Every structure is written in structure tokens, then in C-alpha cells.
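Welcome! Please open the structure in your viewer and follow along, one selection at a time.

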Amino acid sequence: MNKIIIYITLAVFLLGLGASWVIQKANSSYDIPLVKSVPVFEFKTQDKILFSNKDLMGKITVLDFMFTLCAGPCPVMTNNMTLLYRDYENVDNAQFVSITVDPSNDNEDVLKQYSIANGVNDNRWQFLTSDIDSIKKLKRDGFMLYADELPQGHAIKFILIDQNGKIRKYYDGTDKASMAVLRNDLNKLIKEINK
Amino acid sequence: MNTFRIFSFISTGLTFILIFVGGLVRVAGAGMGCPDWPKCFDRWIPPISLEQLPDHIDPAKFNIVLAWIEYSNRLFGAVVGLAITITSYLVLKYYNDIPRIKWPVLIAFFLTLVEGWLGSVLVDTVLNPFTITLHLILALIIVMLLIFAAQESYYYENPNSESKSQYPQGLKWMFGLLAGTLLIEVILGTEIRGGLEMIRKDNPIVDSQFLINMLGPFKYIHSILGFFMTGLSGYLWYCLVRKSKHPSKMMTQTSSLILGLIFIQIFMGELLVFLDVIQLIQLFHMWVASWIIGLVMVQYSAWNQSQLCHE
């Protein structure tokens, strides 16, 4: 009997040791990479205010490219962005940015209508527009995303940008599980700036 | 020891370890480590680098550590499934005409299949909290059934092992109450964990200690039921060890162990509330609860055997 107790205690101890190693490994596996800086840009918001790369500083930003007439993956992306916008209502240093890839249709007024239709009532979610060449350039060179056949051929990625205006990671904006990963990473970055 | 009992012991032991590994997946946040099921990133052996990821899967979901934690739970689950399948075959071979041994094993076998299916539901629903709780509760029921079957087969071969002991009668509902309360405690406990995650989602910047206070009533019911169980198992210990004549060694040891483990549980629970939500303690808090549930089954089976001897 005593022997069994010793074996069990030893086994439990070893399991605990193994578990704490695994937990520690898991906790340190959440590091978010650093991709590159967002280049200089200056676009206009749905409220006709200038929004530049400097407005990314000091905040954690989730950014995507979309257009209001898009019937493909955009509704899913917008829906996911709306959920984030709602859930992070109490978090001042999180912001959301959607850049149109169809500026010929999506002027400031159209974007304003679109933002109201999606329940946006403060400046935590900005919709940006500019001329098509600047948008293309930012998308292709700044974010390294495919930008040849706009508006239809726009990327479905959500991009996480940190408080220093650095791109950290890309997520599939239409995928439920990717959104869960994005939330974890977002929380981690927010906690870091609050430290 | 016959082959059936050897395999029922192996199955029970492996299931306990599987509960531990499952809890590890939970506390490490590795539940979505593999975004598909049963394969992991469309591979039978999880990828070890980004290059191995198929094109249609978003690379943002890939975390090699989490993928392997989750996959080891699945692989170990398959081993347990195999052990329980062999146990089921043996029960049909040796105890086909003893319903009280046969059925618990067969139900455990069926529940094991349900567990595998629940695993796929968890991935599909991106870890629905209700399904997570159900996944654990079913594992605990499987353990209870396996322990009961193993012990009943022992009594079947050694019918006189509890013949000398005389325990107070009419305790059946007490065991039921204790086991029921234990399961409710586990559900409440997982709800506390789930609740913490829900609040954390809306308040990503608040620390765990503050969140626990926000849970309020849940936490108190969990603590109150904990003290209620201490009283209940204390009373059972008193009935089965002190008030009975010639209690078997199995009975005195099991009863004392249950009581001791409940005190350890209270201690760990208070540590989580007052110190911090430490993942390793969370894991052991859940795991020790599963031991207690198994031991209550042993206690009940021994008591029941003694009652049968004196009928």
C-alpha cells in the first residue's frame, strides 16, 4: 500500500511538473510578430476629417480594406468588425479602421451612411477614402496585399497594428476561429500599453 | 486479477490522465490549437512549421505549441478509446450475463464515442462554453462507470470481502447527494472559468482578481456548496468509519481520503480567489475534483456490497 502511495505521489508530482512546463511554453507562445511600419498616408474619414498614419500612434488598430457595394465576403467582414467595435466599447485605446477600395463610389457621404447603418456612433471606427492610386499604393506597398483588380479583388485580411504604427499580424476577416485569435492578440497588445 | 479487471483499471487510470490533459488544454488556452477536426491543419501529423500549412487555412491560426497540446489530447483520447473498447469486449466475454457489470462498461463505451463527437463540436463552435462543460461532465461519468464496473467485478469474484463489515443502512441517498453536489460543483467551477473569460472579453484590460469579484453570486454558491460537501463527506466518514462495525480497510481509507481531498480543494479554491488565478492550481483544482468523484463511487460500491451481504 505504502509503495502505491509513493508511486502515485511521484506520478502526480511529475504530471504537475510537466503541466507547468507546458503551460509556461503555451504562455510564451503568444508572442505577436513585428512585420513592418505602416508608411505615411493621409486619407479622409466619413466625417471629412484628415486621418493619417500618425493617428495610429498610441492606439491598437484593427484595419481592413472593403467597399460598400461589395456583396461577396465584405458583409461577413463588416459584421466581424461590428462585433469587435461593440465588444471593445469600454476600451479607449482600441480603434477600428476600414479603408474603401472603391473611392469612385464610396465618397465621405456614402461612407457616413454606411457607418451609421452599422451602428457606429463615435470615432472608434473610422471609414477612410482617398484617390484610387493612393489606396492602391498603400494596400500594395504599405500592407503588402494584392491590389491589382480593385475593387473586386480586395484582400479579406484584418490587420493588427500596434501603438507604434507597426504592422503585427494578418487575420482572415471572414473566419470565426481567426477572429478568436485576433481578439487574444488584441487583448495582449492593449494590456501591454496599459502597463 | 482477471483480464477484465486489469483492463478496467487501465481504462480508469488512462481516463483520469486524459481528464488532466483535457484540463491542460483548457488552462493553456489551446482549445483551438487545431482549427479542424479530426485532422490538425488538414494533416494527420500537425505541422511543425508555417511552410507545411495548406493554402486554404489562415496562417494566423497556427501556433505550433497550442497545436501540439491540442493534438496530444486527441491522440491520448484515441488511446483511451482503444482501452475502453478492449474493456467492452472483455466485459461481453466474461460478464455478459451480469447486467450490473456489463451495462456500466457499455454505457461508458457509448459515452466515449459521444466525447469524440463533442470534440468536433467544440472546434466547430469555437469552444462553446456549454459544450466544454458537457465534455468534462461526460468524462467524469465515464470514470464513475468504469470504477463501478471494476469494483463490482471484484465483488463478484470475492463476494465475502465486505461480509464482516456492518455499515449503517439507508445511506444510499447520501451518496447520491454527495455525487450530485460534486457534479454541480464542477459545473459551477467551469462556469466560473467560463464567466471569467466572458467578462474578460468585454474588459480585456482588467486583471483576474477584479474579474473574480465581478462574478459575485456564482463564486459564493461554489464556496457554500464546497462547505456543504465538507459537512456531508464528514458525516459519511463518521457513519462509515466510526459508527460502523469492522469497516473494511478499503472503506476507512477511501472515506478519509475523500475528506482530506475536499480540504485540499477548499485550500486550492481559496488560493485561486485570494492569491491569483494561477493556471496550474486551476488545473489541479479540477483534477482533484475528478478523483473525489471516483472515490465516492468506490465508497458507495463498498457500502452497497456490505448491505447485499447482510440481506
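This is a predicted model: local features need pLDDT of at least 70, side-chain atom pairs count only at pLDDT 80 or more; totals for chains, interfaces and linings use all residues.

**A walk through chains A and B**

Trace the chain from the N terminus, and the elements come in the order α-β-β-β-β-α-β-α-β-α-β-β-α.

Now look at the overall form of chain A. Its radius of gyration is 21 Å, well over the 16 Å that the globule rule gives for 195 residues, so chain A is more spread out than a compact globule. Along the principal axes, its C-alpha atoms fill a box of roughly 80 × 35 × 30 Å. How much of chain A is buried? Of the 195 residues, 41% are.

Next, move to chain B and colour two ranges: 1-157 for domain 1 and 165-311 for domain 2, as the domain assignment gives them. Taken over C-alpha atoms, the centres of these two domains of chain B are 23 Å apart. Where they touch, domain 1 of chain B contributes 19 residues and domain 2 of chain B contributes 17 residues.

Stay with the side of domain 1 of chain B that touches domain 2 of chain B. Select α1 (3-27) and α4 (129-157) of chain B, each of which supplies at least two residues there. Which element gives the largest share of this side? That is α4(B), with 13 residues. Finally, colour this side of domain 1 of chain B by class, and you will see 15 nonpolar, 3 polar and 1 charged residues.

How values were computed
Residues are numbered from 1 along each chain as its sequence is written. Chains are lettered from A and ligands numbered from 1 in the order in which they are written. Domain bounds come from an automatic or database domain assignment. Two residues are in contact if their C-beta atoms, placed from the backbone, lie within 7 Å. Helices (H or I, at least four residues) and strands (E, at least two) are DSSP runs, numbered from the N terminus. Ala, Val, Leu, Ile, Met, Phe, Trp, Tyr, Cys and Pro count as nonpolar, Asp, Glu, Lys and Arg as charged, and the others, Gly among them, as polar. The radius of gyration is taken over C-alpha atoms; the globule rule is 2.2 Å times the number of residues to the power 0.38. A residue is buried if 20 or more other C-beta atoms lie within 10 Å of its own, exposed if 12 or fewer, and partly exposed in between; C-beta atoms are placed from the backbone.
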